[in-house]
Amino acid sequence: MSTEPAVEHNPAEATPPDTLHSTPPSDDPGATAPQPTEPQLGALRAQDLTCAIGRRDVVAGADFSIRPGETVGIVGPNGSGKTTLLRVLAGVRKPRTGRVLLDGQVLHEIGPRRRAAAVALVAQDEVPPADMLVGEVVALGLTPYLPPWGLGAPREQQQVAQALTAVDLTGFADRPVRQLSGGERQRVLLARALVQDTPVLLLDEPTNHLDVTHQLELLGLVRGLRRTVVAALHDLSLADRYCDRIIVLHNGRARPPAPPADALDPTVVAEVFGVDANRVVHPVTGESHLLITPREARR
């Protein structure tokens, strides 16, 4: 996510990451009854959402809910509005009509610091500044929780190191961004989002520039974060494998989220993408996989 610039620190607006989802302590130290827990955060709701670029509507009438902790994919042909919809869900772009609710609150009415503590966006076209060090870029994810110039303490350095390890970049903190490959830069941005520690993580084509090993590792990592993850993906096989539900964009409309087997039914894939799709069983694992072939392969 393009983290909002640091603003005047207001403790009431943001909580340090390690206490974001904590349960309040009991008022009675001797109580034995279990204490009520806070509801899981990260529920997203799109209500009659129309997303536009300039004067052109690219997605109209989108209406769906995403449950806390769910991994949802957004797929569709090039130009179908995946990036635009994702940026509206992140609060970066305002909808033409409708609204986005985050845990019952209108997302675009939440202040920048609070929003940055709730939603992180990793954009596909973002390039970290070449003159920064990797650790400095990752540490920007802590901005919503700290006062100006509050970075650099041992605890923050440890958080940065842990995030880099999670994306297979151990020891990269002091490396200049200009020395990184495209795939390494993509993983640095994901590490920044991990440090941001938001209930909602939005990813725009996160596997771009990654080799097949890191594609699988990255999606496996975000799948296990126990956060609400919404990812725009161009690879239907990856969406089928790693998403709980999938939203298909086609002709300016967003089909309601559905399990992969329904969302990527062969008739849907043929209509939307113009290719054949078949489900096959892996001979070793026994898992179902989506096999995509061009129409001409029938001949």
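At what angle do helix H4 and helix H5 pack, and how far apart are their axes? The close-ups below come from a predicted model, and the opening view takes up this question.

**View 1. Helix H4 packs with helix H5.** Welcome to the pair formed by H4, which covers residues 154-166, and H5, which covers residues 182-196. The angle here is about 130 degrees, and the axes are 9 Å apart. That angle makes H4 oblique to H5. As for handedness, H4 passes H5 in a right-handed crossing.

**View 2. Residues of H4 meet residues of H5.** Take a look at the side of H4 that takes part: Gln-159, Val-160, Ala-163, Leu-164 and Ala-166. Their partners in H5 are Ala-191, Leu-194 and Val-195.

**View 3. His-108 sits in a loop.** This loop runs between strand E5 (105-106) and helix H2 (112-116). Leaving aside residues up to four places away in sequence, His-108 touches Val-88, Gly-91, Arg-93, Lys-94, Pro-95 and Val-100. Two of these neighbours deserve a further look. A polar atom of the His-108 side chain lies 2.9 Å from the backbone oxygen of Arg-93. Pro-95 is 13 residues from His-108 along the chain, and 9.2 Å separates the C-alpha atoms of the two.

**View 4. Arg-175 places its charged end over the ring of Phe-172.** If you go looking for aromatic pairs, the structure holds zero of them.

Key
Residues are numbered from 1 along each chain as its sequence is written. This is a predicted model: local features need pLDDT of at least 70, side-chain atom pairs count only at pLDDT 80 or more; totals for chains, interfaces and linings use all residues. Side-chain values use heavy atoms; hydrogens and water are left out. Rings of Phe, Tyr and Trp (its six-membered ring) pair if their centres lie within 6.5 Å; planes under 30 degrees apart count as stacked, over 60 as edge-to-face and the rest as tilted. A charge sits over a ring if NZ of Lys or CZ of Arg is within 6 Å of the ring centre and within 35 degrees of the ring normal. Helices (H or I, at least four residues) and strands (E, at least two) are DSSP runs, numbered from the N terminus. Contact means heavy atoms within 4.5 Å. A polar contact is a pair of N or O atoms within 3.5 Å; within protein, one must be able to donate a hydrogen and the other to accept it, and residues adjacent in sequence count only if both atoms are side-chain atoms. Axes are lines fitted to C-alpha atoms, for helices over the stretch in contact, and angles run from 0 to 180 degrees between N-to-C directions. Angles under 35 degrees count as roughly parallel, over 145 as roughly antiparallel, 65 to 115 as roughly perpendicular and the rest as oblique. A crossing is left-handed if the near helix is turned anticlockwise from the far one by less than a right angle, and right-handed if clockwise.
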